[in-house]
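The sequence and the model come first, and a description follows.

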Amino acid sequence: MLLQAHSQNANRTDLSHQRCINPACGATYETHSIRTSCDRCGELLDIAYDWDHLPVPEKLSDFEAMWSQRTNPIRFSGVWRFHELLPFAPQDKVVTVGEGQTLLQQADAVGEFVGMDAGKLHLQYEGMNPSGSFKDNGMCAAFTHARMMEAKRAACASTGNTSASLAMYCSTTRLMKAIIFIGSGKISYGKLSQALDYGALTVQIAGDFDDAMLRVQQVSKQLGIYLVNSVNPFRLEGQKTVMYRVLEALRWEVPDWIVVPGGNLGNSSAFGKAFMELKQLGLVDRIPRLAVVNASGADTAYELYERRGVRWNGGHIDFDPIRQHNDRMDREHLKADTIASAIEINRPVNLKKCLRALDVMDGVVRQVTDQEILDAKAKVGAGGFGCEPASAASVAGAKLLRREGVIAPSDRVVCILTGHELKDPTATVAYHTTDQDLFNRVLASRGVSKASYANRAIAVPNELDDIIKAIQLYS
Ligand SMILES: *Cc1c(COP(=O)(O)O)cnc(C)c1O
Ligand SMILES: [Zn+2]
């Protein structure tokens with residue numbers, strides 16, 4: 001049971017603070033302040049808690065006692081029902097639209113494709129969130145902080161899902177105006193349509209995602225707009241709950257592997273922090289391993305971690321290889337390019353936090369091609385609910401790690417499916433199409449040469465006999 005004696009402390013904002021992740025600095029700032037980096041050294045910030053004075057459950061299964069309280073919006077939310085593990089906000093400021101009602105599914109057909117024993121592969125469907133991606137987990141937390149700060153406008157740069165999520169929270173709560181920066185290039189229509197439909201002010205920059213990211217930071221600073229990009233440390237607090245729900249679905253047993261696509265590396269960072277804290281609080285006895293999966297067309301994390309050996313190293317990160325890599329990308333005008341638009345990112349903003357997560361979770365980083373991503377995506381779709389291309393990088397990555405023998409067939413693996421299938425119907429239709437032009441334009445241009453798992457429509461004349469013949473032939 002919760003330690004009721006401390007429950008009056010649950011609303012105290014002085015029991016949490018923002019803290020620089022650089023251990024050599026360690027500067028702290030009030031929760032009740034807006035910043036995206038350390039004033040003193042410029043590093044990223046974490047939310048840190050004074051756990052000794054907060055009502056933390058004695059064991060994770062204590063959360064089950066709260067499952068019956070579904071009429072309380074805070075207990076209904078898949079994020080806020082774990083409020084005790086992200087207690088930075090007074091309960092009366094918490095914003096929720098019922099996010100986090102997501103599902104962990106045992107997926108044996110996909111498991112077979114990956115090379116796992118039956119019953120060992122699980123898919124965590126974060127696309128079931130209200131705006132269709134895992135981003136809602138973090139957005140409700142950042143939005144809650146924005147509300148605590150009485151912000152009137154909130155902004156982000158986005159490859160699509162962050163903006164869809166922000167626009168949704170703004171329009172459903174009417175607490176803030178959403179301002180969204182997008183690049184001119186790839187953004188899937190499913191995502192853009194949400195931002196437009198939900199009434200966000202949408203600013204299209206003549207540049208790519210990284211340009212949009214830079215501009216939104218400048219503009220937010222100058223105009224005092226609340227920034228909800230991945231650098232916002234409160235978002236990662238909400239994203240920790242994906243791990244709590246995975247544990248909940250596994251009846252509080254810790255799996256062997258968490259496999260997640262890596263873009264700006266917010267998820268992987270949040271997962272690392274979740275397990276770091278659960279371990280510290282004595283709520284888990286071991287920590288799963290982490291696999292972060294890049295698209296090979298956007299492989300900064302892979303390049304730095306696996307090829308150049310950059311490590312967290314107790315917070316003493318060797319910056320030279322990072323600088324060299326960035327310089328090389330600038331010099332040679334290398335730009336991320338992948339069908340998985342949600343992870344098409346050159347400079348992941350949470351890189352250092354992700355290095356910490358890889359350290360805590362004994363992690364690995366891999367890269368997979370667009371071909372591998374789309375084949376895995378087709379298998380996910382055929383085996384249950386679908387996902388968008390970036391999400392399938394997790395399944396393709398698990399398959400690669402199985403092939404390498406890093407993951408054993410008997411390991412218990414959870415692949416995080418980050419976004420809903422309908423976010424990017426173009427990629428799906430192009431994979432299954434009989435229209436060679438469409439295939440070429442969307443896929444062949446990215447080095448995808450075949451669609452081995454395509455389920456193609458069959459063309460028949462508008463004649464009853466022919467239609468019946470075709471159905472009998474193919475079914
Ligand atoms: C944002 C996003 C990602 C990337 O997540 P990071 O936390 O930035 O690494 C992956 N998949 C989908 C569908 C996303 O929306
Ligand atoms: Zn600092």
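Arg356 counts as buried because its relative accessibility is 9%, where buried means under 20% relative accessible area, exposed over 50% and partly exposed in between, with a 1.4 Å probe and protein chains only. The model is predicted, so that local features need pLDDT of at least 70 and side-chain atom pairs count only at pLDDT 80 or more, while totals for chains, interfaces and linings use all residues. Residues are numbered from 1 along each chain as its sequence is written, chains are lettered from A and ligands numbered from 1 in the order in which they are written, and side-chain values use heavy atoms, with hydrogens and water left out.

Arg356 belongs to helix α11, residues 351-360; helices (H or I, at least four residues) and strands (E, at least two) are DSSP runs numbered from the N terminus. Leaving aside residues up to four places away in sequence, Arg356 touches Ile21, Asp46, Lys273, Met276 and Trp312, contact meaning heavy atoms within 4.5 Å.

Thr28, in β2, stands opposite Arg19. An open sheet of three strands runs in the order β2-β1-β3 with antiparallel pairing, where two strands pair if DSSP finds at least two bridges between them.

| Edge strand | Residues |
|---|---|
| β2 | residues 28-30 |
| β3 | residues 45-49 |

Each edge strand pairs on one side only, and β1 (residues 16-20) joins β2 over three bridges in the antiparallel sense.
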